[in-house]
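Welcome! Please take a look at the sequence and the structure shown here, and then we can go through some questions together.

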Amino acid sequence: MSPTTGTATDKTTSLEAASAAEPVPAPSPVTSAPPRARSSDVRRVPSLTARVRRLPYLMLKGATKSAAMVALLLLWETAPRLGLVDRVFLPPFSEVARAWWGLVADGQLADNARASLVRSFSGFGLAVAVAVPLGLLIGWYRPVADLLGPLLEVFRNTAALALLPVFVLLLGIGETSKISIVVYACTWPILLNTISAVRTVDPTLLKLAKSMDLSAPRLFQKVILPASVPVMFTGIRLAGAVSILVLVAAEMIGAKAGLGYLINASQYNFAIPQMYAGIITISAIGVAFNQFLVAVERRLSSWRVPATN
């Protein structure tokens with residue numbers, strides 16, 4: 001055996017012995033990675049936290065908004081009991097509430113409210129259907145404005161209730177005259193605000209739309225109508241309040257059903273709590289109708305970017 005081979009063999013043997021002497025490390029246990037949080041959970045936790053943090057603010061805001069109403073009701077309840085006003089002509093709010101519930105229980109309030117709402121909403125809907133297209137035409141086409149301008153100036157300065165006897169003489173004392181007076185009274189706020197809305201559209205928007213070679217129908221659909229919605233709905237909301245007020249006045253003059261008739265009959269019969277109950281019902285209907293119109297306006301104006309301070 002050559003010395004070279006013997007040396008290599010000795011090295012191999014020594015290496016094997018050293019490796020055998022060294023302890024073999026035990027395999028490390030396999031640790032599972034912690035589960036990754038889902039993006040939906042990550043988004044949900046801050047949202048819930050934000051809602052919890054906003055809860056005191058919302059409660060404070062609601063209390064602030066209702067403070068004036070609560071103070072008014074407390075004043076209404078205590079002033080007659082303390083003798084500050086005549087209890088006969090202004091009964092406490094609790095008596096009015098009991099009278100209101102009595103009218104609800106025997107069905108009088110529902111029947112009269114239904115009659116008033118049918119008349120009011122019918123006249124309001126007809127006024128919107130007539131005044132909005134007419135306002136768009138007058139506001140956009142100058143020849144139409146020149147033709148109808150003098151006539152509009154005459155009629156818009158004539159009070160609706162001043163024409164009530166004319167409507168009764170021409171259309172009778174039935175439902176037609178009442179709905180017609182509501183249509184007449186609601187037309188002017190909607191018409192005038194629609195004309196103003198069209199004429200005050202941003203000229204920059206019109207120039208940009210015309211530079212894109214939009215046709216007249218597309219210009220109305222994409223630019224004129226969206227830009228006119230806020231001012232237009234100001235007139236529609238005014239007309240919503242007018243439709244109830246004018247109708248109640250008309251029902252006080254000549255009607256056999258309706259909230260105006262209920263208030264007038266309660267006054268003649270000296271049922272003062274029932275009279276105030278009818279007035280409160282009219283106020284509640286007006287507030288609810290206005291909130292409905294505000295919701296519709298927000299829906300149609302969702303494209304607007306709110307201003308940031």
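Q: Is Glu297 buried or exposed?
A: This is a predicted model, so every value here is computed from it. The relative accessible area of Glu297 is 15%. Buried means under 20%, so Glu297 counts as buried.

Q: Which residue forms a salt bridge with Glu297?
A: Side chains of opposite charge can pair when their charged atoms come close. For Glu297, the closest N and O atoms of the pair are 3.8 Å apart, and the partner is Arg237.

Q: Which helices does the pair of Arg237 and Glu297 link?
A: The two residues are 60 residues apart, and the pair links distant parts of the chain. Arg237 is partly exposed, with a relative accessible area of 31%. Arg237 sits in helix H9 (residues 216–253), while Glu297 sits in helix H11 (residues 272–300), which makes the linked helices H9 and H11.

Q: Which helix holds both Arg81 and Glu77?
A: These two residues form a salt bridge, with their closest N and O atoms 2.7 Å apart. Arg81 itself is partly exposed, at a relative accessible area of 45%. The residues lie four apart, about one turn of the helix, and that helix is H2 (residues 39–81).

Q: How many residues apart are Arg156 and Glu153?
A: The side chains of Arg156 and Glu153 meet in a salt bridge, at 3.3 Å from N to O. Arg156 is partly exposed, with a relative accessible area of 37%, and Glu153 is partly exposed too, at 40%. Both lie in helix H5 (residues 142–156), and their spacing is about one turn of the helix, or three residues.

Q: Which element gives the largest share of the lining of the largest pocket?
A: About 250 Å³ of space lies in this pocket. Its lining includes Met69, Trp76, Phe93, Tyr276 and Ser283. The elements that give two or more residues to the lining are H2 and H11. The largest share, six residues, comes from H11.

Q: How many charged residues are in the lining of the largest pocket?
A: Among the residues of this lining are Leu72, Leu73, Ile279 and Val287. The lining divides into ten nonpolar residues and one polar residue, and the number of charged residues is none.

Q: What is the volume of the largest cavity?
A: The structure holds one cavity of 30 Å³ or more. Residues that line the largest cavity include Ser116, Leu117, Ile244 and Ile282. The volume of the largest cavity is about 50 Å³.

Q: Which helices each supply at least two residues of the lining of the largest cavity?
A: The lining of the largest cavity divides into seven nonpolar, two polar and no charged residues. Val248, Leu259 and Ile285 are among the residues that line this cavity. The helices that each supply at least two residues are H4 (108–140), H9 and H11.

Q: Which residues does Thr281 touch, not counting residues up to four places away in sequence?
A: Thr281 has its place in helix H11. At 9% relative accessibility, Thr281 counts as buried. Not counting residues up to four places away in sequence, Thr281 touches Trp100, Leu109 and Leu259.

Key
Residues numbered from 1 in each chain as written. Predicted model: local features only at pLDDT ≥ 70, side-chain atom pairs only at ≥ 80, totals over all residues. Heavy atoms only, no water. Salt bridge = Lys/Arg side-chain N within 4 Å of Asp/Glu carboxyl O. Buried < 20%, exposed > 50% of the residue type's maximum accessible area, 1.4 Å probe, protein only. 1 Å grid on protein atoms, 1.4 Å probe; cavity = no way out; pocket = protein on both sides within 12 Å on 5 of 7 lines; lining within 4 Å. Points joined across faces, edges and corners; volume = space filled by probe spheres on them. Nonpolar A, V, L, I, M, F, W, Y, C, P; charged D, E, K, R; others polar. Contact = heavy atoms within 4.5 Å.
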